[in-house]
Amino acid sequence: MASGPQISLRDLAAGKAAKFAPTPYWWDAAPPETGPWPEAPERTDVLIVGAGFTGLSAALVLARAGRRTLVVDAGVPGFGASTRNGGQVGSGNQKFRVRDLIAMKGERKAIELLREGVAMLDGIETLIAEEKIDCAFTRCGRFRGAVRPAHYDAVARDMENLARHAGVDFEMVPRAAQRREIGTDVFHGGSLLPMDASLHPGRYHAGLMRRVTEAGAVVRGDTAVRGVLAEAGHFRVRIDGAEIRARDVLIATNGYTQGVRAHFDSRIVPVVSAQIATGPIPQALFDQATPTRRVYGNSNRVFYYFRPAPGENRLIWGGRASHLARENSAAAYRHLARDLLRLFPYLEDVPATHGWTGRIGYTFDEFPHLGRSPDGVHYAMGYCGTGVSRATHFGRKIALQMLGRPEGRSAFDDIAFPTHPLRMFAKAAVPMIELWRRGRDATGL
């Protein structure tokens with residue numbers, strides 16, 4: 001049952017002042033570990049910066065291979081996007097239409113990237129099953145609503161290309177039939193990817209943490225890295241009050257990379273995302289809104305996404321954070337409630353019980369990246385908002401590369417990790433770019 005402060009979606013959409021839980025809904029069932037933390041060793045084989053899905057996936061591979069592995073995080077483990085995301089699990093495909101990807105990379109390379117994206121989804125399912133992680137993973141399918149009739153036709157062509165080149169199953173759902181998928185007439189039909197999935201990200205992270213520590217890795221929260229200095233055959237990593245010598249270093253901080261190391265600061269742009277969770281929804285209304293219990297999105301450039309909470313009649317609704325309101329104020333989530341009620345006006349009396357934000361790691365080319373910096377620091381980051389399967393996959397891949405194993409090869413290996421001459425303005429430009437994209441969404445251009 002809902003408890004604590006809350007506000008109706010109607011009042012939240014109207015901008016009325018109220019308070020509700022400012023922490024992720026996922027933390028109710030899986031609160032982050034808060035220590036006390038084990039002592040940091042003076043020496044280690046591998047030091048991983050970032051205790052999210054990427055860092056923990058890498059640590060699991062490395063520790064089981066016999067490497068002394070230390071994972072550190074500036075906050076509590078999982079404080080960032082790994083326990084703040086919507087728990088939607090896609091194939092990890094690039095944020096481009098298939099034809100555009102082929103135009104950029106050529107058909108052969110594009111197919112490699114697309115097929116590895118499909119492998120990401122299969123890989124996370126296999127990992128969860130093999131490690132017996134209880135995180136409500138289910139192949140629920142994804143419905144993506146077409147905001148305009150032209151979007152439906154464009155998505156249909158892209159789905160056909162995706163099926164042709166990567167073997168992805170899909171179905172186009174015309175507007176006349178969309179009520180079987182979603183309880184709204186706002187969309188002009190949409191696409192269905194029946195093999196996409198969902199999970200509980202808090203419980204998934206907690207399960208990974210258990211397996212990593214059982215494998216012998218050391219995980220320390222509240223341990224910010226202040227510097228990484230490359231020396232002959234090793235790195236000196238400075239943390240508050242101590243220095244650690246490591247043979248290898250992996251940076252796995254994604255949207256929380258700023259301040260970790262200049263080489264990566266100049267290549268990652270943090271973008272703030274926001275979500276709300278509703279309180280319990282009456283059964284009849286919940287069945288009407290989400291008859292098939294899938295994960296959902298739409299076709300706009302600045303899109304929203306939502307899903308049922310695992311095992312509860314609640315909705316988790318997300319989108320870009322408001323740049324015009326104080327973070328964690330009710331006004332910061334007003335636009336999310338408005339979008340929700342535009343689709344489901346009959347939910348206006350349902351309360352919102354949680355609201356939270358998190359940082360997405362964007363790259364200048366909108367591709368994720370893994371590899372080594374010029375001075376030998378390994379990295380995996382830049383998931384551009386589709387990080388659950390990508391982070392898990394990239395953590396495993398980069399760990400296998402650190403071990404020198406051929407199965408660590410990735411189609412993403414030879415994609416250069418770009419910076420930009422105007423990178424110092426990138427963060428400030430995010431609200432303006434988003435406003436421009438919203439304008440194009442509104443006008444249909």
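User: In which hand does α2 pass α10?

Analyst: This is a predicted model, in which local features need pLDDT of at least 70, side-chain atom pairs count only at pLDDT 80 or more, and totals for chains, interfaces and linings use all residues. Residues are numbered from 1 along each chain as its sequence is written, and side-chain values use heavy atoms, with hydrogens and water left out. Helices (H or I, at least four residues) and strands (E, at least two) are DSSP runs, numbered from the N terminus. A crossing is left-handed if the near helix is turned anticlockwise from the far one by less than a right angle, and right-handed if clockwise; for α2 and α10 it is right-handed.

User: At what angle do α2 and α10 pack, and how far apart are their axes?

Analyst: Axes are lines fitted to C-alpha atoms, for helices over the stretch in contact, and angles run from 0 to 180 degrees between N-to-C directions. For α2 and α10 the values are about 35° and 7 Å.

User: How many nonpolar residues are in the contact of α2 with α10?

Analyst: Contact means heavy atoms within 4.5 Å. F53, T54, S57, A58, V61 and L62 of α2 meet a set in α10 that includes V388, A391, R396 and M402. Ala, Val, Leu, Ile, Met, Phe, Trp, Tyr, Cys and Pro count as nonpolar, Asp, Glu, Lys and Arg as charged, and the others, Gly among them, as polar. By class there are four polar residues, one charged residue and, as asked, 10 nonpolar.

User: Which residue stands opposite G145 in β7?

Analyst: Strands β5 (142-145) and β7 (190-193) run antiparallel and are joined by four bridges. Opposite G145 stands G190.

User: How many residues has the largest nonpolar core?

Analyst: A nonpolar core is a set of buried Ala, Val, Leu, Ile, Met, Phe, Trp, Tyr and Cys residues joined through side-chain atoms within 4.5 Å. Buried means under 20% relative accessible area, exposed over 50%, partly exposed in between (1.4 Å probe, protein chains only). I48, I124, I128, L199, Y204 and F412 have the most contacts inside the largest core. Its size is 61 residues.

User: Is C384 buried or exposed?

Analyst: C384 has a positive phi of about 55° although it is not a glycine. Its place is in the loop between β19 (378-381) and α10. With 0% relative accessibility, C384 is buried.

User: What is the relative accessible area of E366?

Analyst: E366 lies in the loop between β17 (351-362) and β18 (369-372). Its phi is near 65°, a positive value. E366 is partly exposed, at 22%.

Definitions and conventions
Pairing = 2+ DSSP bridges.
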